[in-house]
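Please open the model in a viewer and keep the sequence panel at hand.

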Amino acid sequence: MADIGISVALLTPFTAAGPIDTALMARHATEVMAAGARGLTLFGTTGEGASIALSERPAVFRAMSNAGIPAEQIFAGICATSPGDAVAQIDQAAAYGINTFLLLPPFYFPTPSDAGLREWHAHVFAQADPRAKFILYHIPQLTNVPLSFDLVIGLRTAHPDRVIAIKDSSGDWDNTERLLKHGNVPVLVGDERLLHRAIPLGAAGSICGMSNLYPARLNTLFATGQEDAALSREVNAVVAGPVVPALKTLMAAHSGNAAWGNLRAPLSPLPDRARATLLSRCKTTQTDD
């Protein structure tokens, strides 16, 4: 079973004028890696990847390289509905030595069949750089395209050199447990509250947003398999509202840098009351090591 550990679903900071603040992003990346994170995932859900243009991504890749972060410790999120656009994102990252990708399914057409999704993935795998490896991304509450158990196992079986894991961010323990017990595909748990339950069943790790704030605590959780109850309570507070604005609110408070509160449309900051409630609920949570 793969041992991937904690990969930080890296938040993307933006300047007040709108562009990506690559200097702040690189500093944050080096800090979480120094605190014990095993790797970084760029342009995922937490990183607002669906709102970042293809032309903006190379500056981030260069910033990570200049910061000394090895390309093999970076996963790049892929968000596209056509195989060709997905491959363009893959090939662009591969030019910077990044060969592992968090792959969203195509999310525009409603209720695609397993057969259609199987074919879509096969087209991506056939066209992509032969070095590219993929983590399937199951987050149906956002995509409205669930990856069924049979589809995941079928893709892993048909493409064992391409599909290296699945990130299950559904929050559905029954689905996570079924994948873990089957044992055919390494499982990364997206919901930090479920990670301690998944570790005894062989979870490969987690790609998660809270590791932006608490990389050492998440690393300890993965190493010990013991729930961090205070962290779970904080996750409850974050998921009670829009997740990315909530995480950025906490990041701004945690770091003392208000620039972390900047979001890219269509996301917007939490209303004042929601922000105050979130900060109040999280203020007693212990800090990271």
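Which residues of α2 meet which residues of α3? R57, P58 and F61 in α2 meet Q89, Q92 and A93 in α3, where contact means heavy atoms within 4.5 Å. This is a predicted model, in which local features need pLDDT of at least 70 and side-chain atom pairs count only at pLDDT 80 or more, while totals for chains, interfaces and linings use all residues. Residues are numbered from 1 along each chain as its sequence is written, and side-chain values use heavy atoms, with hydrogens and water left out.

**First stop: α2 and α3**

Select residues 57-66 for helix α2 and residues 83-94 for helix α3. Helices (H or I, at least four residues) and strands (E, at least two) are DSSP runs, numbered from the N terminus. The two axes come within 10 Å and cross at roughly 30°; axes are lines fitted to C-alpha atoms, for helices over the stretch in contact, and angles run from 0 to 180 degrees between N-to-C directions. α2 and α3 are therefore roughly parallel to each other, a term for angles under 35 degrees. Their crossing is right-handed, meaning that the near helix is turned clockwise from the far one by less than a right angle. The residues of this contact divide into 3 nonpolar, 2 polar and 1 charged. Here Ala, Val, Leu, Ile, Met, Phe, Trp, Tyr, Cys and Pro count as nonpolar, Asp, Glu, Lys and Arg as charged, and the others, Gly among them, as polar.

**Second stop: α6 and α7**

Next, select residues 149-158 (α6) and residues 173-182 (α7), whose axes come within 11 Å and cross at roughly 30°. α6 passes α7 in a right-handed crossing. F149, V152 and I153 of α6 make the contact with R178, L179 and H182 of α7. These residues comprise 4 nonpolar, 1 polar and 1 charged.

Now display L10, L40, L42, M64, F101, F134 and M210, which touch the most other members of the 79-residue largest nonpolar core. Such a core is a set of buried Ala, Val, Leu, Ile, Met, Phe, Trp, Tyr and Cys residues joined through side-chain atoms within 4.5 Å. Apart from it lies another core of 13 residues, among them I4, C79, L102 and A165. Centre the view on L40: residues up to four places away in sequence aside, its contacts include V8, L10, V32, M64 and F75.

Select residues 229-239, helix α10, where A230, L231, S232, E234, V235, A237 and V238 are buried. Buried means under 20% relative accessible area, exposed over 50%, and partly exposed in between (1.4 Å probe, protein chains only). The buried residues of α10 pack against α9 (215-224), α11 (243-255) and α12 (272-282). P242, in the loop between α10 and α11, counts as partly exposed at 47% relative accessibility. P242 and S268 are 26 residues apart in sequence and 9.3 Å apart in space, C-alpha to C-alpha.

**Last stop: backbone details**

Most residues other than glycine have a negative phi, and most peptide bonds are trans. Select P266 in the loop between α11 and α12; the peptide bond from A265 to P266 is cis, with omega near 20°. Then move to E48, in the loop between β2 (39-42) and α2, where phi is positive, near 55°. Is E48 buried or exposed? At 5% relative accessibility, E48 counts as buried. Finally, N144 lies in the loop between α5 (140-143) and α6 and has a positive phi of about 60°. N144 counts as exposed, at 59% relative accessibility.

Key. Parallel < 35°, antiparallel > 145°, perpendicular 65-115°, else oblique.
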